[in-house]
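Visitor: I'd like to learn how to read a structure like this one. Could you walk me through it feature by feature?

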Amino acid sequence: MTQPDHPTRPTVRLRPKAEARAIRHGFPWVYADELVTDRRTQALPAGALAVLEDGERRPLGLVTVNTASRIIARMLDRDPEAVIDADWFRARLRRALSLRERLFAEPFYRLVHAEADGLPGIIIDRFGDAAVIQPNAAWAEAHIDALAEALADVTGVTRIVKNGSGRSRGLEGLAEELVTLRGDIDAPIPVSMNGATYMADLVGGQKTGLFFDQRPNHAFAASLARDASVLDVFTHVGGFALAALAGGAASALAVDASATALALATEGAKAGGVADRFATRQGDAFDVLEALGQEGATFDLVICDPPAFAPSKPALEAGLRAYERIARLAAPLVAPGGYLVLCSCSHAADLASFRNASARGIGRGGRRGQLIHTGFAGADHPMLPQLAESGYLKALFFRLDG
């Protein structure tokens, strides 16, 4: 339900020492220690709409408030009197769609990338006539019906899934749930990218079922893969391995802890006509890397694309150690003159920190290398310049000594 508008809409105010200028210049968040949290503000339900004022009571815009979250307010609209309804969502979605339609010939992409597309805490991935919404903020949960209506109207999708899972929802005090909002999805959806076919499980897979963000990095890895033997660790549903095979790799071994993900990867290999060059190995990535080292295995191209080891600042130190360990274990598996690709989707680990950890690990693995390319998420995952967290993905391509 949409919250009633003025004159009943409440106001919340920045503390006198809070930096209102950052908000005026486009920073979309207010942290809990920056807002006056009197009893009236504390009484606001999670996801409530309110007018944000600076310390001198000048309006800054319309925000959504969640006093249970460290991000206590998120900017929705610079107009304090904006009405958040299906029409408002339609306008935001049309703007997001216009970018993706220019970028991609086929409707398979990230349609909405949260704050960078003006929809804080909302992720929408599109798979042809189907879409998955991740409402990772309380306000999005409260407006899910209007959002789904607008999404269907603007894009024409007939099947919509709400995937309410993940760490972000927990931080907002939201329960985990998976709900089909429109239509039926009873089988994985084939998705073509970079000449490969991936099987996206929209109702049983990780996140939205497929990671579109790595598309340009898959393509660059594939350009290194002709006639190569490839090891893809943390492959999910085939990730780099299937792209490399589409690019002419001689063979690819895909490693993941999930048997379900590997089964989908195998389906994708069959659909793409590369099953004869594709193999899988289930197990903990660190254990498999160690075992391959003990077996004396080597590959021309090794890729490690782990989950976020440093999802928050408190986890940064341990996360960087994990990235270093991955590099240390993977480097000896690269044939002389071969390539090592190391990825991080941890927004808390900036590029320099991740690069340094990776270089240390390569050195500890007894190798030296050239950094030949640094990749990021595709253009359907735009960055909000004021919000470093929106640029989370890094991919480092090394050519190791021969």
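Guide: Let's start with sheets. Strands of a sheet pair through backbone hydrogen bonds, either parallel or antiparallel. Here, seven strands make an open sheet with mixed pairing, in the order E15-E14-E13-E16-E17-E19-E18. Helices (H or I, at least four residues) and strands (E, at least two) are DSSP runs, numbered from the N terminus, and two strands pair if DSSP finds at least two bridges between them. This is a predicted model, where local features need pLDDT of at least 70 and side-chain atom pairs count only at pLDDT 80 or more, while totals for chains, interfaces and linings use all residues. Residues are numbered from 1 along each chain as its sequence is written, and side-chain values use heavy atoms, with hydrogens and water left out.

Visitor: Which strands stand at the edges of that sheet?

Guide: Strand E15 (278-282) and strand E18 (369-375) do; each has a single partner strand, so one side of each is left without a neighbour in the sheet. On average, neighbouring strands of this sheet are turned by 15° against each other, direction ignored. For such angles, axes are lines fitted to C-alpha atoms, for helices over the stretch in contact, and angles run from 0 to 180 degrees between N-to-C directions.

Visitor: And what packs on the sheet?

Guide: Helix H7 (residues 215-223) does, touching strand E16 (299-304), E18 and strand E19 (394-400); contact means heavy atoms within 4.5 Å. The direction of H7 makes about 10° with that of E19.

Visitor: How many bridges join E13 to E16?

Guide: Four, and the two strands run parallel. Val233 has Cys304 in E16 as its bridge partner.

Visitor: Is E16 enclosed or open to the outside, and why?

Guide: Five of the six residues of E16 are buried, so E16 is largely enclosed by the rest of the structure. Buried means under 20% relative accessible area, exposed over 50%, partly exposed in between (1.4 Å probe, protein chains only).

Visitor: What about the sheet with five strands?

Guide: That one is open too, with mixed pairing and the order E1-E3-E4-E5-E2. Strand E1 (11-13) and strand E2 (29-31) have a single partner strand each, so they stand at the edges with one side left without a neighbour in the sheet. Neighbouring strands are turned by 40° against each other on average, direction ignored. E2 and strand E5 (residues 71-77) run antiparallel, joined by three bridges, and Trp29 has Arg74 in E5 as its bridge partner.

Visitor: Now the rings. How do I read an aromatic pair?

Guide: A pair of aromatic rings is described by the distance of the centres and the angle of the planes. Rings of Phe, Tyr and Trp (its six-membered ring) pair if their centres lie within 6.5 Å; planes under 30 degrees apart count as stacked, over 60 as edge-to-face and the rest as tilted. The structure holds 13 such pairs. In one of them, the rings of Trp29 and Tyr31 have centres 6.3 Å apart and planes at 80°, so the pair is edge-to-face. Trp29 is buried at 10% relative accessibility, and Tyr31 is buried at 17%.

Visitor: Why does the pair of Phe89 and Trp139 count as stacked?

Guide: The centres of the Phe89 and Trp139 rings are 5.7 Å apart and the planes are at 10°, so the pair is stacked. Phe89 lies in helix H3 (residues 86-103) and Trp139 in helix H4 (residues 138-142), so the pair ties together parts that are 50 residues apart in sequence. Both Phe89 and Trp139 are buried. Elsewhere, ring pairs link Phe234, Phe286, Phe309, Tyr323 and Phe354 into a cluster.

Visitor: Last one: which residues have a positive phi without being glycine?

Guide: Arg57 is one of them, with phi near 65°. Arg57 sits in the loop between strand E3 (48-53) and strand E4 (59-65), and is exposed at 53% relative accessible area. His236 has a phi near 60° and lies in the loop between E13 and helix H8 (239-246).
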